[in-house]
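Dear colleague,

I am handing over the structure below, together with some notes on what was found in it. Please read the notes with the structure open beside you.

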Amino acid sequence: MKIKAIATLFCAVVALPAAADEPPRVDTTGWFENPAKLDQVEGEDIYNAICAACHMPDGKGAVGAGMYPALAGNENLLGADYPIHVILNGLRAMPALDGQLDHDQVAAVVNYIRTGFGNDWSENPATAETVAASH
């Protein structure tokens with residue numbers, strides 16, 4: 001019986017590296033049709049799909065397991081350049097989303113957060129061109 005248990009354990013350990021090399025299985029039902037790229041195009045839809053989990057649906061941010069800044073009333077959003085940079089490159093706990101979002105999607109979500117949550121910073125909106133120039 002011990003030999004069978006040892007053989008089973010050996011097979012499981014040997015199989016681990018092969019399993020680790022396989023890409024993770026991604027459930028593509030729901031929000032993501034292509035798990036490598038977000039499919040939403042409207043700023044609010046993009047925000048709800050990926051931003052609201054940390055920054056909260058009302059944009060007021062959260063503190064707990066981490067610190068997620070409020071977007072409501074956040075003066076860092078006065079201009080489009082800063083949020084474009086953060087969305088593309090990430091910052092602290094915020095992951096870089098360059099490659100997940102195209103330039104139009106980045107512009108759409110930047111414009112949404114600059115004009116949503118009581119913010120009224122619609123002057124000089126982000127465009128796909130300003131996002132492309134940020135690279």
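An axis here is a line fitted to C-alpha atoms, for helices over the stretch in contact, and angles run from 0 to 180 degrees between N-to-C directions. Helices (H or I, at least four residues) and strands (E, at least two) are DSSP runs, numbered from the N terminus. This is a predicted model, in which local features need pLDDT of at least 70 and side-chain atom pairs count only at pLDDT 80 or more, whereas totals for chains, interfaces and linings use all residues. Residues are numbered from 1 along each chain as its sequence is written, and side-chain values use heavy atoms, with hydrogens and water left out.

The chain has five helices and two strands, and from the N terminus on, its elements follow the order α-α-β-β-α-α-α. Of its 135 residues, 29% are buried (under 20% relative accessible area, with exposed over 50% and partly exposed in between, for a 1.4 Å probe and protein chains only).

Two packed helices are described by the angle between their axes and the distance between the axes. Helix H2 (residues 43-55) and helix H4 (residues 103-115) pack at about 90 degrees, with their axes 8 Å apart. H2 and H4 are therefore roughly perpendicular to each other, a term that covers angles of 65 to 115 degrees. The contact (heavy atoms within 4.5 Å) involves Gly-43, Glu-44, Ile-46, Tyr-47 and Cys-51 of H2, together with Gln-105, Ala-108, Val-109, Tyr-112 and Ile-113 of H4.

If neighbours within four places in sequence are left aside, Val-110 is in contact with Ala-80, Pro-83, Ile-84, Ile-87 and Ala-126.

In H3, the buried residues are Pro-83, Ile-84, Val-86, Ile-87 and Leu-88, and these pack against H4 and helix H5 (128-133). Just after H3 comes Gly-90, which takes a positive phi of about 80 degrees.

Key. Parallel < 35°, antiparallel > 145°, perpendicular 65-115°, else oblique.
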